[in-house]
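These are my notebook entries on one protein structure. I set down what I looked up, topic by topic.

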Amino acid sequence: MIVSLIGYMGSGKSHVSKILSEKINFKLIDLDKEISRKNKLTIPEIFEKKGEIYFRKLEREALEEILASEENVVLSLGGGTPVYYNNMEIINHNSKSFFLRSSVGTLVERLSKQKEKRPLIANISDEDLPEFIAKHLFERNQFYSKAQFTVGTDSRDPEEIVNEIIEKLYP
């Protein structure tokens with residue numbers, strides 16, 4: 001079984017997927033890390049040198065490869081992954097998908113502390129961040145909401161979120 005975690009950057013996908021994979025004893029794959037490893041470049045470097053369209057192509061190839069595997073995997077997806085091609089369809093068809101839903105306020109609070117690590121928001125001022133995130137979320141939510149399950153992350157610790165995912169996986 002493959003368990004896919006989707007959501008906006010800062011929603012907790014990486015952290016939750018790590019705890020979840022340990023708890024249910026599944027292999028952990030972070031899609032962005034997998035793309036970096038295969039291409040021997042960081043995601044910001046791929047964006048800078050080859051552009052976003054090239055990155056989305058690599059992302060799609062890596063996604064298809066992972067979803068075709070027979071392994072038990074917790075897959076942490078990039079925030080933009082569900083938006084491109086028919087990625088959401090193949091994610092839902094080949095895995096159990098969970099949307100980690102976070103409010104704009106929660107995302108602003110988390111992301112303002114890690115802007116330098118996030119190429120998409122690195123150059124956005126703190127005062128413009130809430131509006132940027134709100135707009136972006138509005139565009140992406142139509143894709144995120146296609147996930148089979150939605151789990152709220154506001155004011156919850158990662159353990160609680162993981163337990164809710166496990167309850168939905170094994171009712």
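Which residues does Gly79 touch, not counting residues up to four places away in sequence? I found that Gly79 touches Gly7, Lys13, Arg140 and Tyr144; contact means heavy atoms within 4.5 Å.

**Entry 1: Ground rules**

I am working with a predicted model, in which local features need pLDDT of at least 70 and side-chain atom pairs count only at pLDDT 80 or more, while totals for chains, interfaces and linings use all residues. Residues are numbered from 1 along each chain as its sequence is written, and side-chain values use heavy atoms, with hydrogens and water left out.

I located Gly79 in the loop between S3 and helix H5 (87-94). Helices (H or I, at least four residues) and strands (E, at least two) are DSSP runs, numbered from the N terminus. Is Gly79 buried or exposed? Gly79 is buried, because its relative accessible area is 14%; buried means under 20% relative accessible area, exposed over 50%, and partly exposed in between (1.4 Å probe, protein chains only).

I then turned to Arg56, which is found in helix H4 (residues 52-67). Arg56 has a relative accessible area of 8% and is therefore buried. Leaving out residues up to four places away in sequence, I list its contacts as Phe47, Gly80, Thr81, Tyr84, Tyr85 and Arg140.

I also consulted the UniProt record, an unreviewed entry, which lists Asp32, Arg56, Gly79 and Arg140 under "binding site". UniProt positions are given in the numbering used here, feature names are shortened, and annotations may be inferred rather than shown by experiment. Of these residues, the lining of the largest pocket includes Asp32, Arg56, Gly79 and Arg140. For the search, a 1 Å grid over the protein atoms alone is used; a pocket is an open set of points where a 1.4 Å probe fits, with protein on both sides within 12 Å along at least five of seven lines, and lining residues have an atom within 4 Å of a point.

**Entry 2: The sheet**

In what order do the five strands of the open sheet run? I recorded the order S2-S3-S1-S4-S5, with parallel pairing. Strand S2 (27-30) and strand S5 (149-152) are the edge strands, each pairing on one side only. From one strand to the next, the twist averages 20°. Axes are lines fitted to C-alpha atoms, for helices over the stretch in contact, and angles run from 0 to 180 degrees between N-to-C directions.

Strands of a sheet pair through backbone hydrogen bonds, either parallel or antiparallel. Two strands count as paired if DSSP finds at least two bridges between them. I noted four bridges, in the parallel sense, between strand S4 (residues 96-101) and S5. Phe98 has Phe149 in S5 as its bridge partner.

**Entry 3: Salt bridges**

How many salt bridges does a search of the whole structure find? The search finds 14; a salt bridge is a side-chain nitrogen of Lys or Arg within 4 Å of a carboxyl oxygen of Asp or Glu. Side chains of opposite charge can pair when their charged atoms come close.

I looked at Asp126 and Lys115, whose closest N and O atoms are 2.9 Å apart. Both residues lie in the loop between helix H6 (104-111) and helix H7 (129-144), eleven residues apart. Lys115 counts as buried because its relative accessibility is 12%.

I next noted a network of salt bridges that links Arg156, Glu160, Glu164 and Lys168. Why are Lys168 and Glu164 separated by about one helical turn? The reason is that they stand four residues apart in helix H8 (residues 158-169). Glu164 is buried at 18%, whereas Lys168 is partly exposed at 29%.

**Entry 4: Positive phi values**

Asn25, in the loop between H1 and S2, has a positive phi of about 60° and is exposed, with a relative accessible area of 69%. Lys40, in the loop between helix H2 (31-39) and helix H3 (43-50), has a positive phi near 55° and is exposed at 73% relative accessibility.
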